[in-house]
Amino acid sequence: MQQNHSLKDTIAAIATPLGSGGVGIVRLSGSRAKEIAKQLFVSSREAFSDFRPYTMHHGWVHDRNGAKLDECLAVFMPGPGSYSGEDVVEFQSHGGPVVVRTVLEAVLASGARAAGAGEFTYRAFVNGRMDLTQAEAVAEMIAAPTRAGMTLAQAKLSGALGEMIAGLRAKLEHLRAQLCVAVDFPDEEIECLSPEEFLQETQSVGESIAALLKNFHRDRCWREGALTVLAGQVNAGKSSLMNALLGRDRAIVTDIPGTTRDYLEEAVNIDGLPVRLVDTAGIRETEDTVERVGLERSKDMAQKGDLVLLVIDRTREILPDDISLAQDLGPERVLVVLNKSDLFDENGHGESAEAVDAGWFERAGYQCVEISARSGAGVDALCVAIRERIVGRSGEPDAGELVPNLRQSQAMESAVAELEALATDIRAEIPYDLLGVRLETVCDIMGEITGEIASADVLNSIFSDFCIGK
Ligand SMILES: Nc1nc2c(c(=O)[nH]1)N(C=O)[C@@H](CNc1ccc(C(=O)N[C@@H](CCC(=O)O)C(=O)O)cc1)CN2
Ligand SMILES: Nc1nc2c(ncn2[C@@H]2O[C@H](COP(=O)(O)OP(=O)(O)OP(=O)(O)O)[C@@H](O)[C@H]2O)c(=O)[nH]1
Ligand SMILES: [Mg+2]
């Protein structure tokens with residue numbers, strides 16, 4: 001999308017969320033930003049003649065006919081030091097949706113073009129203010145679900161990931177140059193790498209990339225949240241548990257089996273760990289078409305879950321469906337939640353019945369936690385268990401840790417695979433001129449990560465996910 005947008009235009013957008021807020025910001029970027037702002041801004045100081053950079057100027061935004069729109073603060077940030085690398089002006093007005101829209105309309109009427117999604121950041125990228133990993137970190141920062149996600153985004157926003165990748169690429173480029181020497185001047189006494197040295201160098205690059213990939217797998221849940229799915233029989237208390245974990249009545253709870261028909265997802269923060277909690281339709285035999293579709297969705301969700309909370313109603317018998325679901329997923333991905341403990345004493349005696357025996361799960365190696373979704377008993381301990389199952393006993397990731405995103409990690413996977421193929425070739429004593437091609441491939445992949453080499457498609461898919469105004 002950005003590719004169709006001319007970089008010459010001066011762009012404008014509302015930079016703050018569209019709702020009622022303390023302050024709302026309309027931002028302009030481009031060579032005409034200051035000129036447009038001057039047409040619309042009337043300072044409250046008589047001495048005002050020009051926008052002194054990085055200074056708050058108090059006054060009014062007018063429309064082109066001179067009608068007062070809103071009292072505001074304006075600030076001018078000249079390129080190339082600004083966020084986008086171009087001249088930027090911000091109007092900070094009262095934060096009402098109509099107010100900011102009215103200011104934006106005045107700006108557009110004066111010759112600015114409405115910015116596309118992520119276009120300010122796209123310009124920052126094109127103008128060399130940030131590389132692609134930093135641009136992606138901006139989006140990640142905005143989307144961070146918890147403090148840990150924010151910390152991880154910050155590390156990348158600083159440029160550390162891009163620099164590391166660029167450094168590894170430079171190392172490989174240097175090796176390529178040495179290969180060329182060996183190929184082009186085979187008889188000359190120029191310092192040339194032995195196959196052993198060559199192997200060692202490429203492997204050390206491979207190890208650095210592999211370490212980043214390890215961070216991706218380990219810390220993925222800190223960035224995007226762990227998918228935790230509530231599954232089990234109808235009436236087991238899944239929706240009640242969803243509500244207990246959320247601390248509010250989100251899901252409908254009734255004593256009618258089959259209450260939940262479609263899955264529903266909500267974000268919870270479990271002691272700093274972002275969790276995507278999904279309530280699903282309970283399992284039972286049914287002829288109802290809608291319920292069957294709901295059940296299929298439940299099953300798909302359970303398959304995708306990082307962790308499945310298999311909720312068991314202790315007043316009812318354990319059914320083959322419970323066991324087959326557990327067996328399907330295995331003890332690593334299942335946490336058995338024995339619900340309705342409020343109806344029994346600590347020995348499992350209840351007023352009208354005995355609590356069902358969950359010994360099968362324990363013997364088969366499934367962790368079991370006893371709770372009452374109704375009274376809240378055991379829910380804190382369940383949270384501890386959920387957190388431990390997802391991230392182990394480790395605390396939040398360290399501040400400086402570099403965790404690639406999905407796009408970057410996929411590129412890194414291909415780089416590692418290519419480096420492994422290269423190592424095999426070196427050992428097989430394949431001629432150096434053929435090895436150069438593999439090295440070039442790896443270098444290109446690294447360039448795609450930082451955006452030094454980037455196709456329009458890749459850039460579009462990255463920046464179109466941004467919000468407008470960023
Ligand atoms: N009002 C407002 N707040 C914001 C932003 C913004 O654009 N506007 N940002 C973005 O969305 C982030 C900050 N990013 C920015 C990055 C660089 C510069 C900038 O002008 N840098 C100059 C510093 C000049 C100076 O004061 O010495 C430079 O690096 O040369 C401004 C904002 C977060 N807060
Ligand atoms: N005594 C007691 N009742 C509970 C507890 N948890 C849930 N219930 C009750 O069990 C019934 C079913 O609860 P839901 O949370 O709707 O069960 P569900 O698993 O979501 O059921 P479906 O949506 O039909 O699959 C309701 O009447 C709840 O009040 C509990 O811990 N103790
Ligand atoms: Mg339910």
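Predicted model: local features only at pLDDT ≥ 70, side-chain atom pairs only at ≥ 80, totals over all residues.
**Domains, contacts and buried sites**

Colleague: What makes up the contact between domain 2 and domain 3?

Modeller: Eight residues from domain 2 and seven residues from domain 3. Residues count as in contact if their C-beta atoms lie within 7 Å. On the domain 2 side, helix 5 (residues 147-157) gives the largest share, four residues. By class, that side has four nonpolar, two polar and two charged residues.

Colleague: Which feature does UniProt place at residues 225-391?

Modeller: The unreviewed entry has "domain: TrmE-type G" there. Over residues 225-391, the chain is 32% helix and 23% strand. The end C-alpha atoms of that stretch are 11 Å apart.

Colleague: Which residues does UniProt list for "binding site"?

Modeller: S239 and T260, again from an unreviewed entry. They are spread over 22 residues of sequence. Yet they cluster in space, with a largest C-alpha distance of 7.6 Å.

Colleague: Why does S239 count as buried?

Modeller: The cut-off for buried is 20 or more other C-beta atoms within 10 Å. S239 has 25 C-beta neighbours inside 10 Å, so S239 counts as buried. S239 lies in helix 8 (residues 238-246).

Colleague: And why does T260 count as buried?

Modeller: Apply the cut-off of 20 or more again. T260 has 22 C-beta neighbours inside 10 Å, so T260 is buried. T260 sits in the loop between helix 8 and strand 9 (264-270).

Colleague: What does S239 contact, leaving aside neighbours within four places in sequence?

Modeller: A251, I252, V253, T259, T260 and D279. T260, with residues up to four places away not counted, touches K238, S239, A251, D279, T280, A281 and G282.

Colleague: Which residues are around ligand 1?

Modeller: I25, Y54, M77, G81, S82, Y83 and E90. To be included, a residue needs its C-beta atom within 6 Å of the ligand.

Colleague: How does the shell around ligand 1 divide by class?

Modeller: Four nonpolar, two polar and one charged. Tyr counts as nonpolar and Gly as polar under the scheme used.

Terms used
Residues numbered from 1 in each chain as written. Chains lettered and ligands numbered in written order. Contact = placed C-beta atoms within 7 Å. Helix = DSSP H or I, 4+ residues; strand = E, 2+ residues; numbered from the N terminus. UniProt positions renumbered as here; feature names shortened; annotations may be inferred. Buried ≥ 20, exposed ≤ 12 C-beta atoms within 10 Å, placed from the backbone.
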